[in-house]
Amino acid sequence: MKASNLILFLLIPIISFSQNFKLNGEFSGQNTDELVLRYIDIDGKHICDTLEIENNKFQASGKLEGVQKVLLTGNIKSGGMEDPNLGYFFIEPGNIEVQVEEDNFKEIKIVGSNSQKEFEKVKSKTKPIRLKLDSISNNKSANSNDLLIAGNEKIQKIELNYAIENPESSLSPYFLNFYQRSIPIDSVQKIFSSFSANNKQSIDVKKIHSFLKKMIAKVDDAAPDFNVVDISGNKLSLDFFKGKYLLIDFWADWCKPCIVKFPEVKSLINEYSDKGLEVLFVSFDETEDDWKKGVKKYDLNNWDHTFVGFNNIDSKESIGYQFDIKPIPAYILIDPNGKIIGRFASASKEGKTFIDLKEKLETLLN
């Protein structure tokens, strides 16, 4: 396929169609009266459906476009992604049966979702790596950061290879959407174009489609002129940092790699703040309360902060969307004239790491 034809193909609007799902669930536990199911409906709306538990049963129904990964929560304890009463699973059109146990949402049992069954097979390949990463995070050492990065790269390779080798799979758009910001855009185009026609009706495909049309602010481009409100209610914009080097750190309390990097980020600030470096921390936490607790918990009070929120990551008005950030941790470096001079970690399409960020600042400010 010629490049021009490929571009036209990628820009063809995706035809949406209604697909009904019905979810019947069984719940075991004494301290939970209701659950919340979060998903994106046929109209693109973020739905938070409260499900009453009666006689250990609950139900939900709605309309989706193809396969979708959804979130189910009960009595949240920590607010982080590791909370025992927070779980994800894949649903699809048709009848889905769910079994979930209080304080054990990570082990939700699903019947009737072929995509969930398929995902569990892929998950079995990455599970040993994830368990090892949890151990590394809980038992930090001098080389913990390198080990975490290497482990996550292994997981990415397994899941992306699955998308490449299974273009007809309903999971492939999910994996590509998750990693599309971490690989070159021509690779995204190539993988996306290989998907079967029947595999192009899902919310993940729409996100990939939007990503491919979007003009991303690259290195050497002018930074988007963002307008945000800080943790004290004050307005901040790109002009506020004019004349300074600005490092934007995208993070969340549920993001372990983000937290691991905080000591190094603080070290950079302490070393270069007198030489013109400013930092803006941008939170992708689920709630503002989680965000503010995290700022205090990790002793980040001395710097500028703003909140995007997990549910607003894809909002076109958010600073995360403007810089095309997802997943995290991600770092953007802007020069005193408002030009992007570096994209690092998950913000990079060229594999630039936190080490590259440190070297860049050393070159600029030493």
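Is Q180 buried or exposed? Q180 is buried, at a relative accessible area of 1%; here buried means under 20%, exposed over 50% and partly exposed in between, using a 1.4 Å probe and protein chains only. The model is a predicted one, so to speak of local features takes a pLDDT of at least 70, side-chain atom pairs count only at pLDDT 80 or more, and totals for chains, interfaces and linings use all residues. Residues are numbered from 1 along each chain as its sequence is written, and side-chain values use heavy atoms, with hydrogens and water left out.

Back to Q180: this residue sits in the loop that links α4 (172-179) to α5 (185-194). Helices (H or I, at least four residues) and strands (E, at least two) are DSSP runs, numbered from the N terminus. The side chain of Q180 makes a polar contact of 3.0 Å with that of N177. For such a contact, a pair of N or O atoms must lie within 3.5 Å; within protein, one must be able to donate a hydrogen and the other to accept it, and residues adjacent in sequence count only if both atoms are side-chain atoms. Leaving aside residues up to four places away in sequence, Q180 touches V188, K207, I208 and F211, where contact means heavy atoms within 4.5 Å.

Now for the sheet. Four strands make up an open, mixed sheet in the order β4-β1-β7-β8, and two strands pair if DSSP finds at least two bridges between them. At the edges are β4 (57-64) and β8 (109-111), each of which pairs on one side only. On average, neighbouring strands of this sheet are turned by 20 degrees against each other, direction ignored; the axes are lines fitted to C-alpha atoms (for helices, over the stretch in contact), and angles run from 0 to 180 degrees between N-to-C directions. Strand β7 (residues 94-101) runs antiparallel to β8 and is joined to that strand by three bridges. Across from K109 in β8 stands Q99.

N55, in the loop between β3 (46-52) and β4, has a phi near 55 degrees, a positive value in a residue other than glycine. N55 is exposed, with a relative accessible area of 75%. D299 is not a glycine either, yet has a positive phi of about 55 degrees. This residue belongs to the loop between α8 (288-297) and β13 (304-307) and is partly exposed, at a relative accessible area of 49%. Finally, the peptide bond from I328 to P329 is cis, with omega near 5 degrees; P329 itself falls in the loop between α9 (319-322) and β14 (330-334).
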